[in-house]
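Me: Could you take one part of this model and walk me through it closely? I'd like to know how it's held in place and what sits on each side, and then a quick tour of the rest.

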Amino acid sequence: MPHIETRWEPISNTGLPSLNIHPHAQTMSRVIVDLVRAFDWKSFTIVYENAPYLVALSDLLKLYDPKGHTITVRQLDLGLQDNYRAVLRRIKVSEEKNIILHCSATILPEVLKQAQQVGIITDQHQFIITSPDLHTLDLEPYQYSGTNITGIRLIDPEDPRLVQVTDLWKNLHEEQGLELPESLLPNNIRTEVALTFDSVLIFADALNQLHGNKQLSPGKDI
């Protein structure tokens, strides 16, 4: 049965009857390539979470050229109980200033915190963070560091449709004497939540078209 997915997949599931409305990994990789070129980075370090994350940056790795772009690749050690300092210290020792951080939003806050602790969030460093949920993090601890942190955002918090939906959620919560969680406010909503709502709209539109074309069997529930 066809279904709609909203999660990031580094490798497409070809042949399966599914629709993934999350931007394709290759598309995201090309966005990072464009940023690297716009910043005119001649060398940079990629810090990634695990193998699928590295696969997703294939277009970026193609930039490698000993006479042009020098790329260093380092994997976060996930087996040290959330201690990533060893890898981050190696980046500091290397004196690399341009860093691409490619990891999940789950571990991103801790990685940034430890990066600051080891001394690579300074006015000499620049970061590109690939997580589309960077906007949900509290970046106040880094605002006076002088570091240039660039992120990717797929959600426009001022989009009238998003505002309308969050207002609806707010009203539903208030009817039950509850307060809408901050995570569901337009400025804080996670990408997967927004894409889930989009998938519901797509599914509803598909059903409406089927119903309009009279392709549904009589007597069956929609």
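Predicted model: local features only at pLDDT ≥ 70, side-chain atom pairs only at ≥ 80, totals over all residues.

Reply: Let's start with a term: a polar contact is a pair of N or O atoms within 3.5 Å, where, within protein, one atom must be able to donate a hydrogen and the other to accept it, and residues adjacent in sequence count only if both atoms are side-chain atoms. Residues are numbered from 1 along each chain as its sequence is written, and side-chain values use heavy atoms, with hydrogens and water left out.

The part I'd pick is helix α6, residues 160-175. Asp159 caps its N-terminal end, with a side-chain oxygen 2.8 Å from the backbone nitrogen of Arg161. What about the length? The expected span of a helix is 1.5 Å times one less than its number of residues. After α6 comes Gly177, whose phi is positive, near 70°.

Now for the two sides. Buried means under 20% relative accessible area, exposed over 50%, and partly exposed in between (1.4 Å probe, protein chains only). Leu162, Val165 and Thr166 are the buried ones in α6. Seen down the axis, the buried residues of α6 fall within an arc of 95°, so they line one face of the helix; that arc is taken from the directions from the helix axis to the C-beta atoms. Turned away from that side is the face with the exposed residues Pro160, Arg161, Gln164 and Glu175.

Thr147 sits in the loop between β6 (126-129) and β7 (148-151), and at 13% relative accessible area it is buried. Its side chain reaches the backbone oxygen of Thr122 at 2.7 Å and makes a polar contact with the side chain of Ser145 (3.2 Å).

Stepping back, the chain has seven helices and seven strands, and 36% of its 222 residues are buried. Gln26, in helix α1 (residues 25-39), is partly exposed at 35% relative accessible area. Gln26 and Ala56 are 30 residues apart in sequence, yet their C-alpha atoms are 6.4 Å apart.

Two backbone spots stand out. Most residues other than glycine have a negative phi. Asp40, in the loop between α1 and β3 (43-48), has a positive phi near 60°. Glu95 has a positive phi too, near 65°; this residue lies in the loop between α4 and β5 (98-102) and is exposed, with a relative accessible area of 60%.

Notes:
Helix = DSSP H or I, 4+ residues; strand = E, 2+ residues; numbered from the N terminus.
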